[in-house]
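Trainee: Before I look at anything in detail, could you show me how to read the local features of a model, one kind at a time?

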Amino acid sequence: MHVRVATRRNSDGTPVRYLQLAHNEWDAATKTSRPKVLYSFGREDALDRAVIERLVASLSRLLEPGAALAATTRTGLSFVESRSFGGAWLLDQMWRRLGIDKVMARLLAGTRRDPATERVIFALVANRALDPSSKLAAASWISRRVHIDGLPEASDDACYRAMDWLQEVAPELERQVFGQVANLLNLEVDLLFFDTTSSYFELDEADEPVARDHRGHLRPATATATGDGDGDGDGDGDGSTIGLRTYGKSKDHRGDLPQVVVGLAVTRDGIPVRVWCWPGNTGDSKLIRQVKTDMRDWTLTRIVWVGDRGFTSADNRRALRAGDHHYILGEKLRGDSADAKAALSRQGRYATVAANLRVKEVKVGDGERFVICHNPEAADRDAAIRDRLVAQLTDMIAKSDPLSATKRAELRGVISTKPGLNRYLRVTPGGLLRVDQGAIKAEEKLDGKYLLRATDPHLTAEDIALGYKQLYEVERGWRTLKTTLDLRPVYHRLEERIRAHIILCWLALLLVRIVETTTTQTWHHLREHLDELHLGTFTGPAGTYRQRTELTKPQRDLLATLNLNPPKKIIELAPASA
């Protein structure tokens, strides 16, 4: 297909050129190729060029970004390559806006490290957010598939060296990044949400035990083999001698595999401000003590800690109250908690906070406040789930009476492995299996309810309920880390690089959550639009240049929401060497 020029003459003999869209067809009879006109654009001197531009742009949308750029470029140039551009460019703008590049430049100053280390770290962070992979694959991604400003390529050795440096400067980097983010975004850091998760490794055995300091990090080689480095002579070292990847209580339900424990502190706006990594068997009380100590070092004047039901032990609550800090913690409704039973037995009226949330504060004792929250929609779901479980249990035990005691015991054992069913099973003194109607009535009283324990006297019951509800932002962060950013699998063996990998994931989550909270759209959705923005490289007699594809409306809207100026159309011009 081509543009054909046909010349006609006016009545006065003046030649006039007409433009036609045509393609050649083979005439088998004459054995010649003849042009067939598909569309006539009219006289060349009266051509509406805006219409042509719209037509070309419309047709270009049917092509891949690189192919469209190649098809619309001027003649005499060779299309060399097309690289992904939009996602990395946007993340780089947020990276610079937060001043993380300047923080790293200050930390690099005076060292013998390559100044490009900052660019390598950013590229690895962008890789987590855009195309998570091993560091070896990330090096190839940087060098061949994406355009990173200031980093045309990177080797896997450069990536590993950058990660080693990142681990060295992690404490100071975390502190300075927090300061930058808190000041620039005007974050409210009086309310900090803290939670932990675990990440397992496909290993046959746990890591060899090594001596650790009170923060769970490797102790210097100068420490004694029998001491623990904390000066008390008990040899525990608040971490004792344990490998980083070791067995513990798995939140991924993989207790058969070694793991590490990861902690995250998040603001009420969903911005992750700090990350921690501990050996896989570290207990909650140890985590809380270290987190409180680390955040105190940042001189935050007042913090209300928000945590889930896993942190409600008396020791943990004492640790959270240290330093005149306060907490909001979820309390287990089921079990032997005297406080929970007392709170649920108190009378009082619920106040409606939102369409799906009602709260009432009850008096249990001095020093702590208890708020009962009720979600009518969740209550309906709880009732429906219980009905299904009871129906399933009823069906399982319907014909069990005639069975022998041995067979009933076997059935009882099967049901005991299913906590949802076992909760409603009752065994009579004669060994018969029955549905426990008392347990059902007790559960009905808990439908849609959860109990909160708080200490801050200045917070209203509504503030306490809504503050705890924001813990969803931490859970959302974990989902993003484990799925979108692929926290696992971790392609590393050395402890320092495992820790560096977790820091990279945290920095990626930081950038992603800032974009998400600003645009109110998910990163998965935004990434699809950003992936369409490519950078094409062209070479010709005059040299080489790189040009981006045209911005789509969703891309323009995204940049406007983030208050970012569009990237230049021509990214790079390099004249031909003499």
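This is a predicted model: local features need pLDDT of at least 70, side-chain atom pairs count only at pLDDT 80 or more; totals for chains, interfaces and linings use all residues.

The dialogue below goes through a helix, aromatic rings, strands and backbone angles in turn.

Trainee: How far apart should the ends of helix H13 be, and what does the model give?

Mentor: Helices here are DSSP runs of H or I with at least four residues, strands are runs of E with at least two, and both are numbered from the N terminus. The expected span of a helix is 1.5 Å times one less than its number of residues. For the twelve residues of H13 (residues 405-416) that rule gives 16 Å, and the end C-alpha atoms are 16 Å apart, which agrees.

Trainee: Which residues of H13 are buried?

Mentor: A residue is buried under 20% relative accessible area, exposed over 50% and partly exposed in between, with a 1.4 Å probe and protein chains only. In H13 the buried residues are Arg408, Leu411 and Ile415. They fall within an arc of 60 degrees when seen down the axis of H13, so they line one face of the helix; the arc is that of the directions from the helix axis to the C-beta atoms. The general idea is that an α-helix has 3.6 residues a turn, so residues three or four places apart point the same way.

Trainee: Against which elements do the buried residues of H13 pack?

Mentor: Taking contact as heavy atoms within 4.5 Å, the buried residues of H13 pack against helix H12 (376-397), helix H14 (419-422), strand S13 (425-427) and strand S14 (433-435).

Trainee: How many aromatic pairs does a search of the whole structure find?

Mentor: A pair of aromatic rings is described by the distance of the centres and the angle of the planes. Here rings of Phe, Tyr and Trp (its six-membered ring) pair if their centres lie within 6.5 Å, and planes under 30 degrees apart count as stacked, over 60 as edge-to-face and the rest as tilted. The search of the whole structure finds six such pairs. In one of the pairs, the rings of Phe79 and Phe538 have centres 5.3 Å apart and planes at 40 degrees, so the pair is tilted. Phe79 lies in strand S4 (residues 78-84) and Phe538 in strand S16 (residues 534-540), so the pair ties together parts that are 459 residues apart in sequence. Phe79 is partly exposed at 33% relative accessible area, whereas Phe538, at 0%, counts as buried. Trp276 and Trp278 form a stacked pair, with 6.3 Å centre to centre and 5 degrees between the planes, and both of these residues are buried.

Trainee: Where do charges sit over rings?

Mentor: The criterion is that NZ of Lys or CZ of Arg is within 6 Å of the ring centre and within 35 degrees of the ring normal. The charged end of Arg245 sits over the ring of Phe201, 5.4 Å from its centre, and Arg254 lies over the face of Tyr200, at 5.4 Å from the ring centre.

Trainee: In which sense do strands S2 and S3 pair?

Mentor: Two strands pair if DSSP finds at least two bridges between them. Strand S2 (residues 15-27) and strand S3 (residues 32-43) pair in the antiparallel sense over ten bridges, with Glu25 opposite Arg34 in S3. The hairpin has four residues between the strands, and in it Lys31 takes a positive phi near 55 degrees.

Trainee: Which backbone angles deserve a look in the loops?

Mentor: His253, in the loop between strand S5 (191-200) and strand S6 (259-267), has a positive phi near 60 degrees although it is a residue other than glycine, and at 73% relative accessibility His253 counts as exposed. Asp486, in the loop between H17 and H18, has a positive phi of about 50 degrees and is partly exposed at 27%. Pro489 lies in the loop between helix H17 (472-484) and helix H18 (495-519), and the peptide bond from Arg488 to Pro489 is cis, with omega near 5 degrees.

Conventions: Residues are numbered from 1 along each chain as its sequence is written. Side-chain values use heavy atoms; hydrogens and water are left out.
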